[in-house]
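Please keep the sequence and the 3D view open while reading.

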Amino acid sequence: MSDLIDCDALVVGSGAGGSVAALELARAGRSVTVLEEGPRVSTAELAATAPADSMRRLYRNAGATAIFGTPTIAYGEASCVGGTTVVNGGLLWEPSAALLDRWAAATGYGGYRQAALAPHFAEVARRLGMIVQQHGDGNADSRLLAGAAEQLGWRWQHPQRVVSGCRHRNQCATGCPSGAKQSMALSYLPRAEAAGAVIEAGVRVRRIVHTGGRVVAVEATAADGRAVRYRPRTVFLAAGPIGTPVLLRRSGIHRRTAGRQLALHLNLRTVARFRQPVKAHHGTMFTAQVQEFSDLGLLMMPSNLTRGGLGAALAGRAPKTVNSLLEQWDHLGMYTTQVRMQGSAALLGAVGGAPLLRHGLTRADHHALRLAFRRTARLLFAAGAIELLPPSSSAPALRSAAEVDRFCAEVKPGDWELVSVHGMASCRMALPERGGVCDDRGRPHGLANLHLCDASVLPGASGISPQGTIMSFAHEIVGRHLESM
């Protein structure tokens, strides 16, 4: 027997998209309940917890969801109140007019161009206190990258971040221990609660019940194991680029199309050794991003250098190599090259309740990865690196451009060690005849009172850190709903 709860607006998921829905609906006077599968973790708890333990608690599958294929890709997303905004770098980039125009042409929906979304992005930036992150103390790895870019004549930029009083703890990816990063857990959600929203953590939604083109109930399991049946007037689904299509398909909604095309950004991690001390672990996440090749979907930047992160990047290498590098800790930098994947991944089903995902890395993707690594190596050698460990454990350390060329000529698709933390477009907004799952109000085609408002609705890979794009789309989706009331 299930507990029965009648409610007005039910929001499933509390990340970038769900938090927008929660706040805007509550501000409009709607009675809002937010369901989040993961735990609610305070800043004090993050400060008192070792990063490795925070990763196990905050990330789904401890940060190692597998996307099978050649090679297997490690996908990371959070499962906690505030979603992935709790464990990301707090980056906030605005989608370009050119990108939004391309999406409008491809989807058949013209209402999400810059004229509509720019005011939303500006409001998000204002609410979250977006700043341009200067170098400050430390961040020698970023300074070296910026100097090398200038030497090569390549365009770079300080990142736009949503932080207030960053203390440079270098723990962005496992939850900010100082409360400086303005995640949804510290910004939109508390404001939503102040406006009357209720957040229920540890609640797993099992199924959306629908009939006659309308949602009539949402079945869930509460934190204490009770079966709960919600009867909402409207549902806003923001369970993430994987969780949203999983729930739709489990509920018999667009089983053939939901989750069939998951767009990804792929990350190459390169470890660089410098002759001089760099002390890359001193400073915030990064303070320089090279955007010279952003039109090709390539971005280059430092990443958090921690012993745990270095260990993960070197997991496939011999213990002797790892120990040698750890002895030279102060001389190391770790760099991420983000590559927009041209192929896609697909949700094939579920095994034991866990999603089964498979990607289709194309020849064009393999070419893009080789191109990305070549340019990263050129940049790092210009920055003064004397040795590079490429993102392939079968490859030796590289000490010259010639060795880089040899590696790129010989590397096979299955040799790459790839990570992704950005998934999008698994239930993309587009006309049905153009492969869309939902309409321009975020509603899955054929359903009237269910709205998707997370990364899953984006028409494709953004090529930039997607939080700003997700939140801008969510504001527009919720605004259209409220205007129709």
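Leu450 touches Ile208, Val215, Val235, Leu237, Leu248, Ile253, Gly442, Arg443 and Pro444, leaving aside residues up to four places away in sequence; contact means heavy atoms within 4.5 Å. The model is predicted, so local features need pLDDT of at least 70 and side-chain atom pairs count only at pLDDT 80 or more, while totals for chains, interfaces and linings use all residues. Residues are numbered from 1 along each chain as its sequence is written, and side-chain values use heavy atoms, without hydrogens and water.

Leu450 also belongs to the largest nonpolar core, which has 72 residues; Val32, Tyr230, Leu450 and Phe473 touch the most other members. A nonpolar core is a set of buried Ala, Val, Leu, Ile, Met, Phe, Trp, Tyr and Cys residues joined through side-chain atoms within 4.5 Å. Buried means under 20% relative accessible area, exposed over 50%, and partly exposed in between (1.4 Å probe, protein chains only). Helix H1 (residues 16–27) gives the largest share of this core, seven residues. Another core, of 58 residues, lies apart from it and includes Val271, Ala272, Ala280 and Phe407.

Strands S9 (residues 204–211) and S10 (residues 214–221) pair in the antiparallel sense over seven bridges. Helices (H or I, at least four residues) and strands (E, at least two) are DSSP runs, numbered from the N terminus; two strands pair if DSSP finds at least two bridges between them.

The structure holds zero disulfides, a disulfide being a pair of cysteine sulfur atoms within 2.5 Å. Two cysteines illustrate this.

| Cysteine | Nearest cysteine sulfur and distance |
|---|---|
| Cys80 | Cys176, 13 Å |
| Cys453 | Cys438, 10 Å |

Cys80 counts as buried because its relative accessibility is 1%.
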